[in-house]
Amino acid sequence: MSEEITHIRLTAWVHGRVQGVGFRWWTRSRALELGLVGSAGNLADGRVEVVAEGVRDNCERLLLALRSGESPGSVDHVVERWSPAKGGISGFVER
């Protein structure tokens, strides 16, 4: 029995001391390890916005990593939103 592999989009807003500490680079590394595409970018209010597309299980693993306490800096909390993948993205970039 084969399952159809569906891609999904995770958008996560990471709150805490996450700018200027290597957080976006760390997130990019985790995402690439999981085979995800997307971006991690600083927002003007001090948050980092992470957009990742791929298999849901791998997006969930990235979300767990963001909340793990093992990232550079200090994460207070992460707000997540799930939506259908939009596609048209290649690689994972820091913005």
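Which residue's charged end sits over the ring of Trp 82? In this predicted model, the charged end of Arg 56 takes that place, 4.1 Å from the ring centre. A charge is said to sit over a ring if NZ of Lys or CZ of Arg is within 6 Å of the ring centre and within 35 degrees of the ring normal.

Some ground rules first. Residues are numbered from 1 along each chain as its sequence is written, and side-chain values use heavy atoms, with hydrogens and water left out. Since the model is predicted, local features need pLDDT of at least 70 and side-chain atom pairs count only at pLDDT 80 or more, while totals for chains, interfaces and linings use all residues.

## The strands

Helices (H or I, at least four residues) and strands (E, at least two) are DSSP runs, numbered from the N terminus. Two strands pair if DSSP finds at least two bridges between them.

| Strands | Sense | Bridges | Example of partners |
|---|---|---|---|
| S1 (residues 7-17) and S3 (residues 48-55) | antiparallel | eight | Arg 9 and Glu 53 |
| S1 and S4 (residues 74-84) | antiparallel | 10 | Leu 10 and Trp 82 |
| S2 (residues 37-42) and S3 | antiparallel | six | Ala 40 and Val 50 |

S2 and S3 form a hairpin with five residues between them, and Gly 46 in the turn has a positive phi of about 100 degrees. S3 is mostly covered, with six of its eight residues buried. Buried means under 20% relative accessible area, exposed means over 50%, and partly exposed lies in between (1.4 Å probe, protein chains only).

Thr 11 belongs to S1 and is buried, at a relative accessible area of 2%. What does Thr 11 touch, not counting residues up to four places away in sequence? Its contacts (heavy atoms within 4.5 Å) are Glu 49, Val 50, Val 51, Val 79, Glu 80 and Arg 81.

A search of the whole structure finds one aromatic pair. Phe 23 and Trp 26 form this pair, which is tilted, with 6.1 Å centre to centre and 35 degrees between the planes. For reference, rings of Phe, Tyr and Trp (its six-membered ring) pair if their centres lie within 6.5 Å; planes under 30 degrees apart count as stacked, over 60 as edge-to-face and the rest as tilted.

Both residues lie in helix H1 (residues 23-33), three residues apart, about one turn of the helix. Phe 23 and Trp 26 are both buried, and the buried residues of H1 also include Thr 27, Ser 29, Arg 30 and Ala 31. The cover over these buried residues includes S1, S2, S3, H2, S4 and strand S5 (92-94).

Ser 71, in the loop between H2 and S4, is buried as well, with a relative accessible area of 10%. Leaving aside neighbours within four places in sequence, Ser 71 is in contact with Phe 23 and Trp 26.

Just after H1, Gly 35 takes a positive phi of about 75 degrees. Leu 34 lies in the loop between H1 and S2. Leu 34 and Leu 62 are 28 residues apart in sequence and 7.6 Å apart in space, C-alpha to C-alpha. Apart from residues up to four places away in sequence, Leu 34 touches Asn 58, Arg 61 and Leu 62.

## The nonpolar core

In soluble globular proteins, nonpolar side chains tend to be buried together. A nonpolar core is a set of buried Ala, Val, Leu, Ile, Met, Phe, Trp, Tyr and Cys residues joined through side-chain atoms within 4.5 Å. The largest one here has 20 residues, and those with the most contacts inside it are Ala 12, Val 14, Val 50, Leu 62 and Leu 66. The elements giving two or more residues to this core are S1, H1, S3 and helix H2 (56-67). H2 provides the largest share, five residues.

Leu 66 touches Ala 12, Val 14, Phe 23, Trp 26, Thr 27, Val 50, Val 75 and Val 78, not counting residues up to four places away in sequence.

## The recorded domain

UniProt (unreviewed entry) places the feature "domain: Acylphosphatase-like" at residues 9-95; such annotations may be inferred rather than shown by experiment. The end C-alpha atoms of that span lie 18 Å apart, and the span is 26% helix and 43% strand.
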